[in-house]
Amino acid sequence: MDYMREINAFYDWLAINPQITDSARNLWHALMHTANRAGWITEFTVAISTLEAKTGMSRAALYRARNVLQQAKRISFAKRGGNLCATYTIFPLVSQYETQNETHTGHTAQHEPDTPREHYSSYPTDTRKTKTKTNTKEAATTRFEAYRAAVEARAFSGAMHACVMDWLMYKTERRDKYTDTGLSKLLGIFERKAAEYGEDAVIYAVDQAITNCWKGIVWDKAPGGARPSADANYVSCDDEEV
């Protein structure tokens, strides 16, 4: 499973499924993180206490959220007796969309009907462009994993962890980069703003920035936020943004 492609596909899917609750979205991210740590095995187990820690949600809220995800066919879960953890399976969105495309077209790109192979062999292939695209994607993936390691080294709650990773994914999609120093400063700002405004306000400000395709986070968009303080300006080159 390709982590970045799945997250992109998840947000595309949310655009046509806006009824999915914030709690369910939060839980999906936590389960994806757990599945990634488990090596993307088809079925994995995770303790409800672990999900409480990752998401910052109550047990009752988690039960409701996982029912929402199961009804939406994004996951399946099975309870087990005694003190055993429930088992979870995440249904990939990327492979689902690829299958749908094959169904609609009636064939895959590898089975073009009645097209002579010689027709393609007469055109030279510019392998340099292919290599450049591959190298760029690999570099972005490596950089994003470095971001993830830095975030996990901080004591963020589950909800804040998902929020910060959403922002870093968004910046990666924009092909924006953070230096090691810039990333450290950014994470410090997230910690301070969460303490100053509360996590819900920070998550709201980040959601506003991503939804409106802003280059940075404008902290006075956070409920109860004031004009950004001086330390909000040194992560990026944009005034009042990070």
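This dialogue goes through a few features of a predicted model.

Student: What should I know before reading the numbers?

Tutor: The model is predicted, so local features need pLDDT of at least 70 and side-chain atom pairs count only at pLDDT 80 or more, while totals for chains, interfaces and linings use all residues. Residues are numbered from 1 along each chain as its sequence is written, and side-chain values use heavy atoms, with hydrogens and water left out.

Student: How many helices and strands does the protein chain have?

Tutor: Helices (H or I, at least four residues) and strands (E, at least two) are DSSP runs, numbered from the N terminus. The protein chain has 10 helices and three strands. Their order from the N terminus is α-α-β-α-α-β-β-α-α-α-α-α-α.

Student: What span should helix H4 have?

Tutor: The expected span is 1.5 Å times one less than the number of residues. Helix H4 has 13 residues (59–71) and should span 18 Å; its end C-alpha atoms are 18 Å apart, which agrees. After H4 comes Lys73, with a positive phi near 65 degrees.

Student: Which residues of H4 are buried?

Tutor: An α-helix has 3.6 residues a turn, so residues three or four places apart point the same way. Buried means under 20% relative accessible area, exposed over 50%, and partly exposed in between (1.4 Å probe, protein chains only). In H4 the buried residues are Ala61, Leu62, Ala65, Arg66 and Leu69. These cover an arc of only 130 degrees around the axis, taken from the directions from the helix axis to the C-beta atoms, which puts them on the same side of H4. Exposed Arg64 and Gln71 are carried by the face turned away from that buried side.

Student: What do the buried residues of H4 pack against?

Tutor: Contact means heavy atoms within 4.5 Å. The buried residues of H4 pack against helix H2 (22–37), helix H3 (48–55), strand E2 (75–78) and strand E3 (87–90). Thr55 is in helix H3 and counts as buried, at 2% relative accessibility. Leaving aside neighbours within four places in sequence, the contacts of Thr55 include Asn26, Ala30 and Leu62.

Student: Where is the largest pocket lined?

Tutor: Rolling a probe the size of a water molecule over the atoms shows where empty space is left. On a 1 Å grid over the protein atoms alone, a pocket is an open set of points where a 1.4 Å probe fits, with protein on both sides within 12 Å along at least five of seven lines; lining residues have an atom within 4 Å of a point. The largest pocket has 31 lining residues, and Tyr11, Arg25, Asp166, Ile203 and Asp207 lie nearest its centre. Helix H1 (3–15), H2, helix H8 (158–173) and helix H10 (199–211) each give two or more residues to the lining. H10 gives the most, with nine residues.
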